[in-house]
Number of protein chains: 2
Amino acid sequence: MAASVKDVAARAGVSVGTVSNVLNRPGSVKQATVDKVDRAIAELGFVPNGAARQLRAGISRSIALVVLDVGNPFFTDMARGTERRAHEEGLSVLLANSDENAEHELRHLETFERQRVFGVLVSPVGDDLAPLRRIRDRGIPVVLVDRGSEDPTFASVSVDDEAGGAIAARHLLDLGRRRLAFVGGPLRIRQVADRYRGAVAEVNKVAGASMDFFETQALSLDEGRLAGLALRERARTEHYDGVFAANDLLAIGIEQALLGGEEPLSIPHEVALVGYDDISFAAAAVVPITSVRQPRELIGATAFDLLLAERDRDEGQPRERVIFQPELAVRASTIGS
Amino acid sequence: MAASVKDVAARAGVSVGTVSNVLNRPGSVKQATVDKVDRAIAELGFVPNGAARQLRAGISRSIALVVLDVGNPFFTDMARGTERRAHEEGLSVLLANSDENAEHELRHLETFERQRVFGVLVSPVGDDLAPLRRIRDRGIPVVLVDRGSEDPTFASVSVDDEAGGAIAARHLLDLGRRRLAFVGGPLRIRQVADRYRGAVAEVNKVAGASMDFFETQALSLDEGRLAGLALRERARTEHYDGVFAANDLLAIGIEQALLGGEEPLSIPHEVALVGYDDISFAAAAVVPITSVRQPRELIGATAFDLLLAERDRDEGQPRERVIFQPELAVRASTIGS
DNA sequence: GGTCATAATTGAAACGATTCAACTTACGAC
DNA sequence: GTCGTAAGTTGAATCGTTTCAATTATGACC
């Protein structure tokens, strides 16, 4: 039904080879011929069939990006960075959501492997990287995103979460706070564990400083509110004066709980609060929240670059593993007027 | 390099036709043969080439979903609904972000047309539906999402924004509020205009009720805060007792502005506040915000169903146009203790 | 054992683009 | 007028799957 190169060739009075040349190597075709062919293309509304091209070429012009949660601004911002770079290279990005579900992730990966995508960027759900290794062994480059150190045989882009935790804790300590609380969990999430570890190390450097651990079941607003209530209850007796939350959703929930109720705590005077991720809602909270910022778009763009490098990589050559450093965005929740 | 059906056939000692049958019509092949072939597939790590299959079949197993903003929870929830239904039908969803940019949208559409996708779901950036019409005329079903009435020749799924505006206003009026303010803009966004129109109609039904219009430049947190400051300034003299915001981001910003400063206004006692979209941050605000809820996942799922209907549609048959009714989620910002 | 009906298998054609060796044409130089 | 070279153009082969008419195997029945 749709027009093919053959139809275009017939209409323009040239061979299919010439049509293909016009499409892909216009420089090697006489201008008059190019015009003839272009006219035929326009008249027939010809759109090249990607499947046929790909079948012949053996590889597609698309890369896949599988993220844990498309609802999370962190990942959508990252995707933006990837897409920008990919577009510059003439590739398109297929965005897929694993929803933190290993089965979904696998399903997407299988689809993409059948598609023979150019490469796969993935922030893996679990620790089992076997499916990714299989795909890679079959010739599709894989880059891990937001997941660093586990397996050195994968190229990866990540952020130094331990350093991020340290930055947050140091900021609180520099402000003179000594009775800290860490809110986050579950601890099996590597990011959470790393941020905690980094913070603990800083606290241990300062004599007289301590940090209590409040575990949450998830990194959500609701869990933040629950933790906040628990915190408020114990704040007066324990004299907490600084709180570090493992991400901004938690921090926002905590802030609400602390500011509400019969005896609200003042932020930052009584309790200083630091979050993580620097999502827009953090800056927009009642008391804008100091947060640890990650270079989201840069992470996405870099992941794409590693994919290209991975493609051109020689057999023995080691894989690249980029680790970014986070930085602190200071706001009223720690240095309020 | 990668194994093909031919390799599998050779290894299993059968013909390529049989391998294809095992893959697509396993019922028509003897069990013993199926086993042989399956073993060969496993041994070779064979993964069918999607491009070849699609070339032969003429159509792909993927549908495209082009949204205005992947960062907006409304669209990601919608995407979830689409994906669920698509998966049930054995199709996969390619998610693309137009970023409210007509050029990006066009680029994605072109890619998808070359890909010969099964169909396209799109929440169009602008009013120019010509590119969509062109694609549709070339045989790819198109369904408009979150965009109703303009062009009756497109199948579409949308929500009755005028009814939503009416619900919000009626709720405020039922609570006895008479001096209302509408915050939203720009008015060229159809959703905003419709919500405003619906609200105005309700206000006009009640003697002694009035509603002022506060225009914003965007539907963002920041714009909400600005509008909130303007509101607070005039609230005491104008005696506003009810505010309806065109979406939740605005409402959250407004709430912050009203609650802050030297002379905070109390919510809902002095001013009742209603938002729109019912995003999770609305329920999580300091004073949880009453909001007009849209069936986001259902919208996405329904859009997919319309795509299937569109595909099976006979020439003369009219296209389906589904319009959902929104509902009110009442919270503390209007009926606080 | 022969006859049929049915089940299972085969293999060549087709999908639509790209590639590339072979061929044609154009044009100067001599 | 011939030759050589470069510039353009051609068209058959190819990618890997599916389809389907043709063929062969299987088994039931007398």
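Helices (H or I, at least four residues) and strands (E, at least two) are DSSP runs, numbered from the N terminus. With that in hand, here is a short tour of a predicted model, in which local features need pLDDT of at least 70, side-chain atom pairs count only at pLDDT 80 or more, and totals for chains, interfaces and linings use all residues. Residues are numbered from 1 along each chain as its sequence is written, while chains are lettered from A and ligands numbered from 1 in the order in which they are written.

**Around the DNA strands**

- DNA strand C has 27 residues around it, and A:Ser4, A:Val5, A:Ala52, B:Gly17 and B:Thr33 come nearest; a residue is near a strand if its C-beta atom, placed from the backbone, lies within 6 Å of it.
- DNA strand D is surrounded by 27 residues, the closest being A:Gly17, B:Ser4, B:Val5, B:Asn49 and B:Ala52.
- At least two residues each of the surface near DNA strand D come from H2 and H4 of chain A and from H1 (5-12), H2 and H4 of chain B.

**Helix packing in chain B**

- The axes of H2(B) and H3(B) (residues 31-44) come within 10 Å and cross at roughly 95 degrees; axes are lines fitted to C-alpha atoms, for helices over the stretch in contact, and angles run from 0 to 180 degrees between N-to-C directions.
- H2(B) and H3(B) are therefore roughly perpendicular, a label for angles of 65 to 115 degrees.
- B:Thr18, B:Val19 and B:Val22 of H2(B) meet B:Thr33, B:Val34 and B:Val37 of H3(B), with contact taken as C-beta atoms, placed from the backbone, within 7 Å.
- In H1(B), B:Val5, B:Val8 and B:Ala12 are buried, that is, 20 or more other C-beta atoms lie within 10 Å of their own.
- H2 and H3 of chain B are among what covers the buried residues of H1(B).

**Where the chains meet**

- Chain A brings 36 residues to the contact and chain B brings 35.
- On the side of chain A that touches chain B, H4(A) has the largest share, five residues.

Methods. Angles under 35 degrees count as roughly parallel, over 145 as roughly antiparallel, 65 to 115 as roughly perpendicular and the rest as oblique. Two residues are in contact if their C-beta atoms, placed from the backbone, lie within 7 Å. A residue is buried if 20 or more other C-beta atoms lie within 10 Å of its own, exposed if 12 or fewer, and partly exposed in between; C-beta atoms are placed from the backbone.
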